[in-house]
Amino acid sequence: MLARTCLTLAIAAAALPALADDAAKTPTPKEILAKAPAADWRTPDPQNLVYMDLPQGRVIMELAQDWSPLHAANIRTLIREHYFDGTQVIRVQDNFVTQWGDPDGDDKKKAKSLGTAKETLAPEFTRKDGKAYPFTRLPDGDVYAAEVGFSDGFPVARDGQGEAWITHCYGTVGVARDTGAETGNGSSLYAIIGQAPRNLDRNLAVAGKVIKGMEILSAYPRGGEPMGFYDKPEQRVTIRSVRLAADVPEAQRTPIQVLRTDSKTFAAVVEAKRNRKDAFYARPAGKIDLCNISVPVRDPSKKS
């Protein structure tokens, strides 16, 4: 009994310095976000907001209009002509991607019509248009690029010579394609559900990112065929509908806001994650990888 009491006292004593050092603690991201002013949040343009309704719930994606405008336009056409309704989740590869589209898309005789959407598009793998765009640079290095940061909520890399691209972080939505660079048209899309496959950067067009519903896309059973394709039709998940928020009555829209990545609040969140100091983190990392930063979202109707 005495030994147990001494051990308890020793543990309590070890915690005292941490309690006495409250002033040196960094606030948690949750604490920072609770104090964020309304101006630090943005409401996505409903023309760029995609609702994909699945049996398990709604997945919300934001199109990268400024980074892949041709693909964004083609995807809007496909959505408005109800191309995705009834298509399926056809592939879930562990630690890699969840992909959806027409399961017969590779068979020209059986493939679903693209309607008025274009069959081929210019690649749009990178951006090198010389136009100014917001960019919040991260202070730490990167293996794949000269510098990395965020632009309007999207994780972005730059080569230091004027070329930039959205990176394949968790939640990134990319455009599936065949071998030819122009074969990706947006009729089949994938979302990254595993550790960031940055080797895909600059090799596929990025259509946008998932801002709500990743818990749905990442939880589906993995496919048994090579590359995670489902080997039995009954394993596929049928998409109920895909709509642009702009085409959905306001009462049926999902209220959502995204933290501005050019805001002081976002900078504070990043720094808190880089140099977290509290009772749990004995040794702050002092660095953070681009893909280890999730841009916060909130339901504005529930804000305090």
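**Exercise 1. Is D152 buried, partly exposed or exposed, and what is its relative accessible area?**

Step 1. This is a predicted model, in which local features need pLDDT of at least 70, side-chain atom pairs count only at pLDDT 80 or more, and totals for chains, interfaces and linings use all residues. Residues are numbered from 1 along each chain as its sequence is written, and side-chain values use heavy atoms, with hydrogens and water left out.

Step 2. Buried means under 20% relative accessible area, exposed over 50%, and partly exposed in between (1.4 Å probe, protein chains only).

Step 3. The relative accessible area of D152 is 34%, and D152 is partly exposed.

Step 4. D152 is located in the loop between β7 (147-151) and β8 (154-158). Helices (H or I, at least four residues) and strands (E, at least two) are DSSP runs, numbered from the N terminus. D152 is not a glycine, yet its phi is positive, about 50°.

**Exercise 2. Describe the backbone angle, location and accessibility of E124.**

Step 1. E124, a residue other than glycine, has a positive phi near 55°.

Step 2. The loop between β5 (97-101) and β6 (136-137) holds E124.

Step 3. E124 counts as buried, at 15% relative accessibility.

**Exercise 3. Give the strand order of the open three-stranded sheet and find its edges.**

Step 1. The order is β1-β15-β16, and the pairing is antiparallel. Two strands pair if DSSP finds at least two bridges between them.

Step 2. The edges are β1 (41-42) and β16 (297-298); each has a single partner strand, so one side of each has no neighbour in the sheet.

Step 3. Two bridges join β1 to β15 (residues 257-259) in the antiparallel sense. R42 has V258 in β15 as its bridge partner.

**Exercise 4. Classify two of the aromatic pairs in the structure, F150 with F266 and F280 with Y281.**

Step 1. Rings of Phe, Tyr and Trp (its six-membered ring) pair if their centres lie within 6.5 Å; planes under 30 degrees apart count as stacked, over 60 as edge-to-face and the rest as tilted. The structure holds four such pairs.

Step 2. For F150 and F266 the ring centres are 5.2 Å apart and the planes stand at 75°, so this pair is edge-to-face. F150 belongs to strand β7 and F266 to helix α5 (residues 264-274), so the pair ties together parts 116 residues apart in sequence. Both F150 and F266 are buried.

Step 3. F280 and Y281 are also edge-to-face, with 5.2 Å centre to centre and 75° between the planes. F280 is exposed at 67% relative accessible area, while Y281 is partly exposed at 36%.
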